[in-house]
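Trainee: Could we go through this model together, one topic at a time?
Mentor: Gladly; have a look at it below, and then ask away.
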Amino acid sequence: MISILWADDEIDILKPHIIFLEQKGYNVITSKSGNEALDRFKETIFDLVFLDENMPGYTGLETLVRMKAIRPSIPIVMITKSEEESIMEEAIGSKISDYLIKPVNPNQILLSIKKNIETKRLIGERTTINYQQEFRNIGMSLSGSLDKDEWVDVFKKLTFWELEIEKSGEGSVGEILSMQKTEANTQFFRFVKNNYKKWINGEDAPLMSHNLVRRNVINHLSNKPLYLIVIDNLRYDQWKIIEPVVSHDFRVKKEEIYYSILPTATQYARNAIFSGMLPSEMEKRFPGKWKNDEDEGGKNMFEEDFMLNQYKD
(Lines give C-alpha, C1' and ligand atoms only; values in the text may rest on other atoms or scores of the structure.)
Protein backbone atom coordinates (compact mmCIF):
# COMPACT_ATOMS: atom_id res chain seq x y z
CA MET A 1 0.00 0.00 0.00
CA ILE A 2 1.27 3.48 -0.86
CA SER A 3 1.95 5.49 2.29
CA ILE A 4 1.61 9.30 2.32
CA LEU A 5 2.60 11.86 4.94
CA TRP A 6 0.44 15.01 4.93
CA ALA A 7 1.64 17.90 7.10
CA ASP A 8 -0.66 20.92 7.57
CA ASP A 9 -1.57 22.95 10.64
CA GLU A 10 -5.18 22.91 9.36
CA ILE A 11 -5.21 19.18 8.72
CA ASP A 12 -8.65 18.77 10.39
CA ILE A 13 -10.21 20.89 7.64
CA LEU A 14 -8.67 18.54 5.06
CA LYS A 15 -10.38 15.45 6.51
CA PRO A 16 -12.65 14.98 3.42
CA HIS A 17 -9.55 14.92 1.21
CA ILE A 18 -7.92 12.29 3.41
CA ILE A 19 -11.06 10.11 3.41
CA PHE A 20 -11.16 10.40 -0.38
CA LEU A 21 -7.55 9.17 -0.66
CA GLU A 22 -8.11 6.34 1.82
CA GLN A 23 -11.09 5.18 -0.25
CA LYS A 24 -8.72 5.09 -3.23
CA GLY A 25 -6.49 2.69 -1.30
CA TYR A 26 -3.81 5.08 0.02
CA ASN A 27 -2.54 5.08 3.60
CA VAL A 28 -2.41 8.70 4.84
CA ILE A 29 -0.51 9.73 7.99
CA THR A 30 -1.06 13.29 9.21
CA SER A 31 0.80 15.87 11.29
CA LYS A 32 0.07 19.47 12.31
CA SER A 33 3.55 21.00 12.30
CA GLY A 34 6.85 20.86 10.54
CA ASN A 35 8.58 19.47 13.64
CA GLU A 36 6.03 16.67 14.02
CA ALA A 37 6.20 15.89 10.30
CA LEU A 38 9.98 15.67 10.46
CA ASP A 39 9.82 13.25 13.40
CA ARG A 40 7.38 11.00 11.53
CA PHE A 41 9.53 11.23 8.40
CA LYS A 42 12.57 9.99 10.34
CA GLU A 43 10.63 7.06 11.81
CA THR A 44 8.81 5.85 8.69
CA ILE A 45 9.64 5.57 5.01
CA PHE A 46 6.85 7.26 3.04
CA ASP A 47 6.21 7.12 -0.68
CA LEU A 48 5.15 10.78 -0.89
CA VAL A 49 4.89 13.86 1.34
CA PHE A 50 2.38 16.73 1.14
CA LEU A 51 3.85 19.73 2.93
CA ASP A 52 2.05 22.94 3.84
CA GLU A 53 4.33 25.96 3.36
CA ASN A 54 3.09 27.93 6.40
CA MET A 55 3.22 25.87 9.61
CA PRO A 56 4.23 26.49 13.23
CA GLY A 57 7.75 25.45 14.19
CA TYR A 58 9.69 24.59 11.08
CA THR A 59 8.13 26.22 8.04
CA GLY A 60 7.31 24.12 5.04
CA LEU A 61 10.50 25.19 3.27
CA GLU A 62 12.65 24.47 6.33
CA THR A 63 11.00 21.07 6.73
CA LEU A 64 11.52 20.37 3.03
CA VAL A 65 15.26 21.03 3.24
CA ARG A 66 15.63 18.77 6.29
CA MET A 67 13.61 15.95 4.71
CA LYS A 68 15.65 16.10 1.51
CA ALA A 69 18.81 15.79 3.58
CA ILE A 70 17.47 12.56 5.10
CA ARG A 71 15.85 10.89 2.06
CA PRO A 72 16.47 12.95 -1.09
CA SER A 73 14.63 10.56 -3.42
CA ILE A 74 11.23 10.83 -1.70
CA PRO A 75 8.91 13.12 -3.74
CA ILE A 76 7.65 16.12 -1.75
CA VAL A 77 4.72 18.27 -2.87
CA MET A 78 4.50 21.83 -1.50
CA ILE A 79 0.99 23.18 -0.80
CA THR A 80 0.61 26.89 -0.06
CA LYS A 81 -1.80 29.82 -0.04
CA SER A 82 0.97 32.11 -1.19
CA GLU A 83 1.50 32.86 -4.87
CA GLU A 84 4.70 34.82 -4.25
CA GLU A 85 7.28 34.11 -6.91
CA SER A 86 10.15 34.04 -4.43
CA ILE A 87 8.54 31.20 -2.46
CA MET A 88 7.90 29.24 -5.65
CA GLU A 89 11.51 29.70 -6.76
CA GLU A 90 12.89 28.66 -3.37
CA ALA A 91 10.68 25.56 -3.30
CA ILE A 92 11.66 24.59 -6.84
CA GLY A 93 15.32 25.20 -6.02
CA SER A 94 14.93 22.85 -3.05
CA LYS A 95 13.82 20.11 -5.46
CA ILE A 96 10.10 19.83 -4.79
CA SER A 97 8.24 17.40 -7.02
CA ASP A 98 5.10 19.51 -7.37
CA TYR A 99 3.65 22.85 -6.23
CA LEU A 100 -0.07 23.30 -5.45
CA ILE A 101 -1.95 26.50 -4.56
CA LYS A 102 -4.70 26.37 -1.93
CA PRO A 103 -7.57 25.68 -1.96
CA VAL A 104 -6.88 22.28 -3.49
CA ASN A 105 -9.56 19.79 -4.49
CA PRO A 106 -9.34 15.99 -4.10
CA ASN A 107 -8.72 15.40 -7.81
CA GLN A 108 -5.73 17.78 -7.79
CA ILE A 109 -4.26 15.78 -4.93
CA LEU A 110 -4.96 12.48 -6.68
CA LEU A 111 -3.35 13.72 -9.91
CA SER A 112 -0.24 14.82 -8.02
CA ILE A 113 0.03 11.37 -6.41
CA LYS A 114 -0.29 9.56 -9.72
CA LYS A 115 2.18 11.93 -11.39
CA ASN A 116 4.82 11.46 -8.71
CA ILE A 117 4.34 7.84 -7.64
CA GLU A 118 2.48 5.91 -10.30
CA THR A 119 3.95 7.55 -13.39
CA LYS A 120 6.20 4.62 -14.31
CA ARG A 121 3.38 2.07 -14.04
CA LEU A 122 0.94 4.25 -16.00
CA ILE A 123 3.52 5.04 -18.68
CA GLY A 124 4.41 1.35 -18.94
CA GLU A 125 0.78 0.35 -19.42
CA ARG A 126 0.14 3.09 -21.99
CA THR A 127 3.41 2.33 -23.80
CA THR A 128 2.40 -1.32 -24.11
CA ILE A 129 -1.02 -0.43 -25.53
CA ASN A 130 0.40 2.14 -27.96
CA TYR A 131 3.14 -0.18 -29.21
CA GLN A 132 0.67 -3.02 -29.70
CA GLN A 133 -1.27 -0.71 -32.03
CA GLU A 134 1.91 0.43 -33.79
CA PHE A 135 3.14 -3.17 -34.03
CA ARG A 136 0.38 -3.90 -36.53
CA ASN A 137 1.17 -0.79 -38.57
CA ILE A 138 4.89 -1.59 -38.72
CA GLY A 139 4.12 -5.21 -39.56
CA MET A 140 1.91 -4.13 -42.46
CA SER A 141 4.68 -1.83 -43.71
CA LEU A 142 7.22 -4.67 -43.62
CA SER A 143 4.89 -6.89 -45.63
CA GLY A 144 4.95 -4.38 -48.50
CA SER A 145 7.66 -3.15 -50.85
CA LEU A 146 9.32 -0.23 -49.07
CA ASP A 147 11.47 2.41 -50.74
CA LYS A 148 14.56 4.04 -49.23
CA ASP A 149 12.59 6.80 -47.48
CA GLU A 150 9.96 4.42 -46.10
CA TRP A 151 12.74 2.25 -44.64
CA VAL A 152 14.09 5.30 -42.80
CA ASP A 153 10.60 5.92 -41.39
CA VAL A 154 10.35 2.30 -40.17
CA PHE A 155 13.80 2.54 -38.61
CA LYS A 156 12.87 5.74 -36.74
CA LYS A 157 9.68 4.13 -35.43
CA LEU A 158 11.50 1.01 -34.22
CA THR A 159 14.14 3.15 -32.51
CA PHE A 160 11.47 5.30 -30.84
CA TRP A 161 9.64 2.29 -29.44
CA GLU A 162 12.86 0.61 -28.36
CA LEU A 163 13.74 3.63 -26.22
CA GLU A 164 10.19 4.04 -24.91
CA ILE A 165 9.87 0.39 -23.92
CA GLU A 166 13.31 0.43 -22.30
CA LYS A 167 12.26 3.43 -20.17
CA SER A 168 8.97 1.78 -19.22
CA GLY A 169 10.63 -1.46 -18.10
CA GLU A 170 8.09 -3.60 -19.97
CA GLY A 171 10.34 -6.60 -20.65
CA SER A 172 7.77 -8.84 -22.35
CA VAL A 173 6.92 -6.13 -24.88
CA GLY A 174 10.64 -5.60 -25.44
CA GLU A 175 10.92 -9.23 -26.58
CA ILE A 176 8.18 -8.68 -29.15
CA LEU A 177 9.93 -5.56 -30.42
CA SER A 178 13.22 -7.45 -30.64
CA MET A 179 11.60 -10.05 -32.90
CA GLN A 180 10.10 -7.32 -35.07
CA LYS A 181 13.52 -5.65 -35.35
CA THR A 182 15.04 -8.96 -36.43
CA GLU A 183 12.41 -9.31 -39.14
CA ALA A 184 13.00 -5.71 -40.24
CA ASN A 185 16.77 -6.19 -40.37
CA THR A 186 16.41 -9.33 -42.49
CA GLN A 187 14.16 -7.61 -44.99
CA PHE A 188 16.26 -4.46 -45.01
CA PHE A 189 19.35 -6.52 -45.81
CA ARG A 190 17.58 -7.93 -48.84
CA PHE A 191 16.50 -4.42 -49.85
CA VAL A 192 20.07 -3.12 -49.73
CA LYS A 193 21.44 -6.21 -51.46
CA ASN A 194 19.05 -5.69 -54.35
CA ASN A 195 19.69 -1.95 -54.70
CA TYR A 196 23.23 -1.24 -53.54
CA LYS A 197 24.90 -1.63 -56.93
CA LYS A 198 22.64 0.88 -58.66
CA TRP A 199 23.03 3.30 -55.71
CA ILE A 200 26.80 3.19 -56.14
CA ASN A 201 26.25 4.00 -59.82
CA GLY A 202 24.15 7.01 -58.81
CA GLU A 203 20.75 5.59 -59.75
CA ASP A 204 17.98 6.68 -57.36
CA ALA A 205 20.56 6.73 -54.57
CA PRO A 206 19.78 7.85 -51.02
CA LEU A 207 22.05 10.21 -49.12
CA MET A 208 25.22 8.15 -48.52
CA SER A 209 28.62 8.52 -46.86
CA HIS A 210 30.53 9.68 -49.94
CA ASN A 211 28.05 12.42 -50.90
CA LEU A 212 27.14 13.56 -47.39
CA VAL A 213 29.49 16.57 -47.34
CA ARG A 214 28.74 17.53 -50.95
CA ARG A 215 24.97 17.53 -50.43
CA ASN A 216 24.56 18.60 -46.81
CA VAL A 217 27.63 20.61 -45.77
CA ILE A 218 29.09 22.58 -48.68
CA ASN A 219 25.93 24.64 -49.17
CA HIS A 220 26.39 25.99 -45.62
CA LEU A 221 29.88 27.34 -46.30
CA SER A 222 30.12 31.12 -46.02
CA ASN A 223 32.29 33.78 -44.38
CA LYS A 224 31.14 32.54 -40.98
CA PRO A 225 32.92 29.67 -39.20
CA LEU A 226 31.37 26.24 -39.83
CA TYR A 227 32.10 23.19 -37.71
CA LEU A 228 31.55 19.62 -38.90
CA ILE A 229 31.59 17.18 -36.00
CA VAL A 230 31.80 13.48 -36.86
CA ILE A 231 31.26 11.07 -33.97
CA ASP A 232 32.50 7.63 -34.89
CA ASN A 233 30.47 4.55 -33.87
CA LEU A 234 27.42 6.57 -32.80
CA ARG A 235 24.13 4.84 -33.61
CA TYR A 236 20.86 6.70 -34.09
CA ASP A 237 19.37 5.34 -30.84
CA GLN A 238 22.45 6.54 -28.95
CA TRP A 239 22.05 9.97 -30.51
CA LYS A 240 18.40 10.15 -29.34
CA ILE A 241 19.59 9.40 -25.80
CA ILE A 242 22.19 12.20 -25.73
CA GLU A 243 20.12 14.67 -27.78
CA PRO A 244 18.43 16.21 -24.69
CA VAL A 245 21.88 16.95 -23.24
CA VAL A 246 23.08 18.55 -26.48
CA SER A 247 19.85 20.55 -26.71
CA HIS A 248 20.75 22.44 -23.56
CA ASP A 249 23.33 24.38 -25.57
CA PHE A 250 22.29 23.86 -29.20
CA ARG A 251 19.11 23.80 -31.24
CA VAL A 252 18.56 20.94 -33.65
CA LYS A 253 17.06 22.55 -36.76
CA LYS A 254 16.99 19.44 -38.93
CA GLU A 255 17.58 15.75 -38.42
CA GLU A 256 18.32 13.50 -41.37
CA ILE A 257 19.45 9.89 -41.61
CA TYR A 258 21.86 8.75 -44.30
CA TYR A 259 22.84 5.31 -45.59
CA SER A 260 26.38 4.20 -44.88
CA ILE A 261 28.47 2.72 -47.67
CA LEU A 262 29.68 -0.87 -47.37
CA PRO A 263 31.55 -1.94 -45.43
CA THR A 264 30.66 0.34 -42.55
CA ALA A 265 34.16 -0.02 -41.05
CA THR A 266 35.94 3.25 -40.24
CA GLN A 267 38.66 3.05 -42.90
CA TYR A 268 35.98 2.86 -45.61
CA ALA A 269 32.85 4.68 -44.47
CA ARG A 270 34.38 7.50 -42.44
CA ASN A 271 37.09 8.16 -45.02
CA ALA A 272 34.35 8.32 -47.66
CA ILE A 273 32.71 11.13 -45.67
CA PHE A 274 35.90 13.22 -45.51
CA SER A 275 37.07 12.54 -49.07
CA GLY A 276 33.72 12.58 -50.85
CA MET A 277 34.80 9.44 -52.69
CA LEU A 278 34.08 5.73 -52.65
CA PRO A 279 36.91 3.42 -51.53
CA SER A 280 37.56 2.32 -55.12
CA GLU A 281 37.96 5.98 -56.17
CA MET A 282 40.32 6.67 -53.27
CA GLU A 283 42.43 3.66 -54.23
CA LYS A 284 42.70 4.79 -57.85
CA ARG A 285 43.50 8.44 -57.10
CA PHE A 286 45.84 7.81 -54.18
CA PRO A 287 47.38 4.34 -54.68
CA GLY A 288 50.38 5.23 -52.55
CA LYS A 289 48.28 6.15 -49.56
CA TRP A 290 45.48 3.59 -49.83
CA LYS A 291 45.90 0.41 -47.77
CA ASN A 292 43.67 -2.51 -48.64
CA ASP A 293 44.55 -5.05 -45.95
CA GLU A 294 42.78 -8.37 -46.45
CA ASP A 295 42.70 -8.91 -42.69
CA GLU A 296 40.78 -5.66 -42.31
CA GLY A 297 38.16 -6.66 -44.84
CA GLY A 298 39.82 -5.61 -48.10
CA LYS A 299 38.70 -8.58 -50.20
CA ASN A 300 35.51 -9.09 -48.21
CA MET A 301 34.32 -5.50 -48.18
CA PHE A 302 30.85 -6.32 -49.47
CA GLU A 303 30.14 -9.26 -47.19
CA GLU A 304 29.24 -7.25 -44.09
CA ASP A 305 25.55 -7.05 -43.18
CA PHE A 306 24.25 -3.55 -43.78
CA MET A 307 21.73 -2.56 -41.10
CA LEU A 308 20.61 1.00 -40.37
CA ASN A 309 20.79 0.46 -36.62
CA GLN A 310 24.41 -0.66 -36.94
CA TYR A 311 25.81 2.53 -38.49
CA LYS A 312 29.47 3.08 -37.82
CA ASP A 313 29.44 6.76 -38.82
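Mentor: Before we start, helices here are DSSP runs of H or I with at least four residues, numbered from the N terminus, and please keep in mind that this is a predicted model.
Trainee: Okay, so where is the place of E134?
Mentor: E134 sits in helix α6, which covers residues 119-142.
Trainee: And is E134 buried or exposed?
Mentor: E134 counts as buried, because its relative accessible area is 16% and the cut-off for buried is under 20%.
Trainee: What does E134 touch?
Mentor: Leaving aside residues up to four places away in sequence, E134 touches K157 and W161.
Trainee: Switching to α10, which of its residues are buried?
Mentor: In α10, which spans residues 236-246, the buried ones are Y236, D237, W239 and E243; they lie on the same side of the helix, because the arc they cover around the axis is only 150°.
Trainee: What covers them, and what does the face turned away carry?
Mentor: The cover over the buried residues of α10 includes α7 (148-168), while the face turned away from the buried side carries I241 and V245, both exposed.
Trainee: New topic: how much space lies in the largest pocket?
Mentor: The largest pocket holds about 1800 Å³, and among the 34 residues lining it, L228, I229, W239, V252 and K254 are the closest to its centre.
Trainee: Which element gives the most to that lining?
Mentor: That is α10, with 4 residues, and the elements giving two or more are α9 (212-216) and α10.

Conventions:
Residues numbered from 1 in each chain as written. Predicted model: local features only at pLDDT ≥ 70, side-chain atom pairs only at ≥ 80, totals over all residues. Heavy atoms only, no water. Buried < 20%, exposed > 50% of the residue type's maximum accessible area, 1.4 Å probe, protein only. Arc of directions from axis to C-beta. Contact = heavy atoms within 4.5 Å. 1 Å grid on protein atoms, 1.4 Å probe; cavity = no way out; pocket = protein on both sides within 12 Å on 5 of 7 lines; lining within 4 Å. Points joined across faces, edges and corners; volume = space filled by probe spheres on them.
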